[in-house]
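Okay, thanks everyone, I'll keep this short. Let me put the model up and then we'll go through it.

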Amino acid sequence: MYPFPQTIAPAVRTHIDAQTAFLNDMSKSLFSAFQQMCDLNIQLVQTMLEETTLASKQVLSADRQSELLSAATSRTQPATEKLRAYQQHIARLAADAQVDLSRVTEQHVQNTTRTARALADEVARDATEQTERGLRAQQETVRQFSDPFIRAGNGAAQPHASGGTSQGQQMPPGQQQGSKDQRATTH
């Protein structure tokens, strides 16, 4: 009913399993890196809120304008250092994620390549078999059409029986008809 086979070939199943394992490990690595990045961002936001709160308290408690400026400038240095540390953490996370993805790829590349090669070989073998079957079927069809007197039952060629003599069998069809008409008028 369906043009596709109902069972899955072992090479296909093996390759799908290898690809699934590879993709699962890659997604675990990416998710871990994303989770670390989210944790780092949460820490940055918490730190910046604390710094902003301290700076706001100092600014609000300042009585003179000179105290206001010194409070604002004193808080910029720690905030800048924390942003620099955040950038370093981001760079470290990106490098660790890249190393982890490379490790996962290295672990799975040989198995995935081997299963892909086995799958390609099986597909090529199946395609060759299908082509040969189709070619044989076409050759049989052409053979049957080229020799219409072959009986399907025994496959032996049967000569066409004619009512004439051996001379009539050797004559072209137009002359055979004429010779039959001549015999009918003479008898």
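So, to start: at what angle do the axes of helix 1 and helix 2 cross? This is a predicted model, by the way, and in it the two axes cross at roughly 180 degrees and come within 8 Å. With the cut-off for roughly antiparallel being over 145 degrees, that makes helix 1 roughly antiparallel to helix 2. And if you sort the residues in that contact by class, you get 29 nonpolar, 15 polar and six charged.

Let's stay with helix 1 for a bit. That's residues 10–61, so 52 residues, and at 1.5 Å a residue they should span 76 Å. The end C-alpha atoms are 76 Å apart, which agrees.

Now, who's buried there? The buried residues of helix 1 are Ala11, His15, Ala18, Phe22, Met26, Ser29, Ala33, Leu40, Leu44, Glu51 and Ala55. Helix 2 is part of what covers them.

Thr115 has a relative accessible area of 2%, so we call it buried. Leaving out sequence neighbours up to four places away, Thr115 touches Thr14, His15 and Ala18.

And how far do we trust all this? Mean pLDDT is 79 for the protein, with 75% of residues at 70 or more. Helix 1 comes out highest, at a mean of 90, and helix 3, residues 166–170, lowest at 46. Over residues 160–171 pLDDT stays under 50, and the model has seven contacts for that stretch beyond four places in sequence.

Methods
Residues are numbered from 1 along each chain as its sequence is written. This is a predicted model: local features need pLDDT of at least 70, side-chain atom pairs count only at pLDDT 80 or more; totals for chains, interfaces and linings use all residues. Side-chain values use heavy atoms; hydrogens and water are left out. pLDDT is the predictor's confidence in each residue, from 0 to 100. Helices (H or I, at least four residues) and strands (E, at least two) are DSSP runs, numbered from the N terminus. Contact means heavy atoms within 4.5 Å. Axes are lines fitted to C-alpha atoms, for helices over the stretch in contact, and angles run from 0 to 180 degrees between N-to-C directions. Angles under 35 degrees count as roughly parallel, over 145 as roughly antiparallel, 65 to 115 as roughly perpendicular and the rest as oblique. Ala, Val, Leu, Ile, Met, Phe, Trp, Tyr, Cys and Pro count as nonpolar, Asp, Glu, Lys and Arg as charged, and the others, Gly among them, as polar. The expected span of a helix is 1.5 Å times one less than its number of residues. Buried means under 20% relative accessible area, exposed over 50%, partly exposed in between (1.4 Å probe, protein chains only).
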